[in-house]
Amino acid sequence: MGLPTLEFSDSFLDSPEFRERLQCHEIELERTNRFIKDLIKDGNMLVSALRSLSLAVQRFSQSLQEFQFECIGDAETDDEISIAQSLKEFSQLLSTMEEERKRLIQNADDVLISPLERFRKEQIGAVKEGKKQFDKETERYYSVLEKHLSVSSKKKESQLHEADSQMSKDRQVFYDASLQYVFKIQEVQERKKFEFVEPLLAFLQGLFTFYHEGYELASEFEPYKQQLQFNLQNARNNFESTRAEVERLMKRIRSAEEDFKAPSCFTMEGYLYIQEKRPLGSVWTRYYCTYQKSSKMFTMSNTESRPASRQNGVVNGTPEMFRLRSCVRRKRDSIDKRFCFDIEVVERHGVITLQALSEANRRLWMEAMDGKEPKCIELVETREYDDQTYRVRAIHALVHKLPEKNRSMLDLLTNHLHKVSSHSDQNLMTVSNLGMIFGPTLMRSQEETVAAMMNIKFQNIVVEIIIENHHKVHRTDTAASPNLTPSSSWTSSQLTPAQQPSSVSSSTSSLLSSERTLSAKGNSTASLSSVKESRSPSIASSSILSSVEDAKALYSCEAEHSHELSFPQGALFSNVYPSVEPGWLQATYNGKTGLIPENYITYL
């Protein structure tokens with residue numbers, strides 16, 4: 001499991017989960033920093049003491065063997081796997097050379113020590129400075145926030161307006177520090193993949209010339225070196241293209257309105273101050289709260305550091321869960337606090353008074369609890385296949401499920417690109433370069449998140465395979481392998497719904513949904529011909545007649561095409577049955593018949 005992705009939108013919530021993910025990156029970066037220090041120390045020993053050369057090389061080799069790269073995301077490209085494996089390859093090479101002790105090591109400082117030290121000081125050092133600033137602004141922001149929230153609502157309107165204005169400035173300073181820190185720490189995590197390995201590669205290349213068998217070893221190492229340089233260049237190119245997209249996303253998130261709501265599995269979440277009754281009055285305690293509209297479950301976790309004590313029958317620090325009964329806005333003249341609202345829950349008598357962080361924040365909580373549609377994003381965990389033949393067969397099966405016009409256009413384009421790549425010795429347009437250029441165009445993600453952008457590399461690989469294997473992919477006399485399970489095909493497992501193609505988009509999206517649908521029904525041996533047969537009129541009619549049902553909408557939906565239905569949450573459908581479009585159902589609502597998303601309804 002790789003390092004978790006840090007979304008810029010999480011900086012606005014500053015949730016405990018976000019802090020935990022951020023800490024994972026900090027621990028990994030500190031581990032890298034310590035490793036670089038040890039590597040530099042070992043390198044200096046190698047230069048300064050020929051007599052201790054054997055011991056130094058052994059330590060150096062062992063360090064490389066034990067260190068393991070951690071890349072952002074759950075899956076790795078072939079380039080990343082090769083880069084991560086490179087340290088172990090270097091270690092094996094050094095073990096072979098250990099017996100040769102009579103050659104002088106020169107220029108090690110220029111090609112190895114200085115670049116690593118520069119990376120550690122300039123890049124990792126910048127992250128440490130960013131963390132100091134972030135921690136400083138965090139402490140300052142919450143201190144100012146608590147003072148701001150304690151301002152009495154009875155003060156003059158001009159004073160309240162001035163306090164709100166100052167609070168907005170302080171909040172923006174905190175957000176800026178958080179966004180810059182998240183951006184820098186992820187940038188350094190990505191940079192180390194090439195800025196870390198390239199000095200080692202250069203050092204090894206120089207070392208060969210000073211060993212008795214250097215020439216032979218260099219000859220044997222040459223093919224691997226070229227492949228690794230290719231992998232490193234790909235990693236660098238992916239980094240450059242992804243970095244621009246990520247920076248653009250960061251700037252857009254930074255300019256978001258105050259009432260911006262980040263994607264979440266909860267209808268609403270964030271910090272609230274909750275009024276707690278005490279023998280000598282009442283206090284306001286900060287809780288991190290979540291609300292799920294579908295289940296009406298409201299949870300609150302005490303995040304303040306206080307000795308464990310029992311209040312209202314519940315021990316501090318233990319998350320409390322309630323089922324929401326009602327939610328009412330508190331009028332300003334009914335309480336000496338701003339931004340307050342009351343809720344009633346099934347498990348307690350009376351009301352619970354809560355204070356939001358601002359008027360916009362209170363509005364979001366009120367809308368969520370009044371039944372506004374939840375915006376949930378489902379993340380689909382996927383995994384990588386290495387066999388090239390398997391990949392080609394999987395992509396072949398998917399391409400031949402595209403509509404005829406879409407498939408013809410894809411055939412025309414990739415045939416042209418295949419011809420262009422055949423002259424790469426002159427035009428430098430290799431299959432890899434073409435995949436990098438046309439991958440984001442043909443298979444652009446439908447949502448702009450860091451996680452989606454980190455997987456641009458997989459889109460490039462899919463397009464690269466289609467170009468390189470054009471004649472195999474577009475052959476009509478090749479059936480899918482009988483052992484090829486649609487749900488386990490490399491393309492469908494690698495591409496989440498947010499990453500499905502947009503240019504060949506709606507058809508390919510349906511195509512990938514079809515793969516998952518077949519998998520869920522257990523059709524592990526389905527071939528392309530069997531899929532076509534399953535869509536034949538006679539079988540479809542039989543299936544429809546035997547499975548017509550009524551259903552109810554779990555969520556509202558706005559139609560994007562004329563053959564789709566628009567409907568509100570709770571809408572009742574009749575004559576519901578599977579359509580020929582994977583993931584969609586045919587249904588009737590208010591006298592109109594059309595398509596509805598399968599995962600938006602529940603059968604009655």
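A nonpolar core here is a set of buried Ala, Val, Leu, Ile, Met, Phe, Trp, Tyr and Cys residues joined through side-chain atoms within 4.5 Å. Keep that in mind as we walk through this predicted model.

Start with F8, F90, F298, F341 and I343: within the largest nonpolar core, which has 101 residues, they touch the most other members. Next, colour helix α5 (residues 108-149), the element that gives the most to this core, with twelve residues.

Now centre on F8. Beyond its neighbours within four places in sequence, F8 is in contact with L179, V182, F183, V246, L249, M250, I253 and V450. Then select V399, L417, M443 and V473, which are among the 16 residues of a second, separate core.

On to the charges, where the count comes to 31 salt bridges. Show E80 and K193: their closest N and O atoms are 2.9 Å apart.

Return to helix α5 for E137 and R140, three residues apart and joined by a salt bridge at 3.7 Å. E137 counts as buried because its relative accessibility is 8%, while R140, at 36%, counts as partly exposed.

Helix α8 (residues 214-254) holds E222 and K225, about one helical turn apart; their side chains meet in a salt bridge of 3.4 Å, N to O.

For a last stop, select K184, E187, R191, E195, R243 and E247, linked in a network of salt bridges.

How values were computed: Residues are numbered from 1 along each chain as its sequence is written. This is a predicted model: local features need pLDDT of at least 70, side-chain atom pairs count only at pLDDT 80 or more; totals for chains, interfaces and linings use all residues. Side-chain values use heavy atoms; hydrogens and water are left out. Buried means under 20% relative accessible area, exposed over 50%, partly exposed in between (1.4 Å probe, protein chains only). Helices (H or I, at least four residues) and strands (E, at least two) are DSSP runs, numbered from the N terminus. Contact means heavy atoms within 4.5 Å. A salt bridge is a side-chain nitrogen of Lys or Arg within 4 Å of a carboxyl oxygen of Asp or Glu.
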